[in-house]
Amino acid sequence: MEVKVMKDILGENDDIASKIHGMLSGKKIFTINLMGSPGSGKTTLLEQTMKALNGELRMAVIEGDLFTSKDADRISKYGVPVVQINTTGGCHLEAPMVEKVLAKLDLDNTDLLVIENVGNLVCPAEFAIGEDEKVVVLSVTEGNDKPMKYPLIFKESAVSVINKIDLVPYTDFDVNQAVDDITTIHPSARVLSVSCRTGEGIDGWLDYLREGVKRKRG
Amino acid sequence: MHEMSIAEGILGIVKDYAEQNDASKVASVGLLIGEMAGVEIDSLEFCWKSLVRGTLADGAELVIERVPLVGTCDSCGKERHIEHYNFICPDCGGTMIVKSGRELRVNYIDME
């Protein structure tokens with residue numbers, strides 16, 4: 001017999017993600033899901049963020065990584081509370097993994113929660129983990145063809161950060177083409193060009209975070 | 001490779017429905033997969049085959065129906081297929097809001 005189902009395959013994940021989002025919103029925490037390729041500069045962007053916003057905003061970080069705590073070690077040097085999730089080979093974070101570690105953070109004293117996903121331009125895009133917004137980091141050395149090759153992650157991300165902009169003169173990276181492609185896939189996306197090494201454009205990124213935190217406080 | 005997570009999601013739904021309907025064997029599972037769903041079909045079928053071995057869905061076929069990526073313009077209201085991931089309305093420059101094409105859904109289960 002054929003039984004009609006019409007159920008979302010990732011429904012269970014989405015339900016837990018909604019629950020997390022509701023809980024974090026209740027505490028007025030602005031939460032971002034930070035995604036991008038390995039080596040695109042996600043952790044370096046976080047380091048720049050902590051340097052600039054320490055004392056201004058109360059941050060907490062959840063670090064997703066396959067096996068190591070290398071990124072979490074980098075974060076903890078800044079005195080920001082950080083929890084490590086090791087996916088032991090898993091290529092993306094899922095909502096139940098985040099739910100499990102939330103109790104380790106002092107969420108009553110947090111304004112901004114950054115969840116750094118596993119480095120990957122494919123799988124993380126499909127899994128909500130309780131965030132307000134997804135952010136994707138694309139670095140100049142990856143090439144400007146990446147938005148069209150991995151459209152889903154750019155479609156899902158409210159913000160696309162083009163990092164390593166200081167390297168543009170040494171590559172064939174066409175910034176205008178990258179921005180055009182991102183805004184074709186996602187017309188309302190905010191595209192920020194930054195260099196985490198020189199600090200260029202970081203102010204625009206910080207303003208985005210400040211706006212998000214302000215919006216959540218209401 | 002998140003197709004194993006997706007296969008696990010399907011099997012979870014299949015087991016729930018089989019139990020509710022007192023079924024002991026699943027012949028096929030109908031899926032709706034959107035054109036812009038982040039899933040590699042070959043990889044999903046491979047994961048599914050290895051995952052269901054020894055379960056009531058052993059040997060069950062995945063019958064996959066692709067759902068085209070269709071959007072509605074938020075400005076002129078026209079509905080059309082979205083080509084080349086271009087979400088800008090070719091008629092008026094408005095933004096195409098996705099109506100279908102992101103599905104990852106179990107449509108039906110054929111069980112005995």
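The legends below describe views of a predicted model.

Residues are numbered from 1 along each chain as its sequence is written, and chains are lettered from A and ligands numbered from 1 in the order in which they are written.

**View 1. The fold of chain A.** Chain A contains 8 helices and 8 strands; helices (H or I, at least four residues) and strands (E, at least two) are DSSP runs, numbered from the N terminus. Chain A is as compact as a globular protein of 218 residues, because its radius of gyration is 17 Å, close to the 17 Å of the globule rule. That radius is taken over C-alpha atoms, and the rule is 2.2 Å times the number of residues to the power 0.38. Along the principal axes, the C-alpha atoms of chain A fill a box of roughly 60 × 50 × 35 Å.

View 2. Of the 218 residues of chain A, 55% are buried (under 20% relative accessible area; exposed is over 50% and partly exposed in between, with a 1.4 Å probe and protein chains only). Taking contacts in chain A (heavy atoms within 4.5 Å) between residues at least 6 apart in sequence, 72% join residues at least 24 apart.

**View 3. A:Ser25 and its surroundings.** A:Ser25 belongs to helix α1 (residues 11-26) of chain A. Its relative accessibility is 25%, so A:Ser25 counts as partly exposed. Apart from neighbours within four places in sequence, A:Ser25 is in contact with A:Asp132 and A:Lys216. A:Glu131 is 106 residues from A:Ser25 in sequence, with 9.5 Å between their C-alpha atoms.

View 4. Strand β3 (residues 70-73) of chain B runs antiparallel to strand β4 (residues 79-81) of chain B, and 3 bridges join them; two strands pair if DSSP finds at least two bridges between them. Opposite B:Thr72 stands B:Glu79 in β4(B). The hairpin of β3(B) and β4(B) has 5 residues between the strands, and B:Gly77 takes a positive phi near 80 degrees there. β3(B) is also joined by 4 bridges to strand β5 (residues 96-100) of chain B, and these two run antiparallel. In this pairing B:Cys73 stands opposite B:Met96 in β5(B).

Methods:
Predicted model: local features only at pLDDT ≥ 70, side-chain atom pairs only at ≥ 80, totals over all residues. Heavy atoms only, no water.
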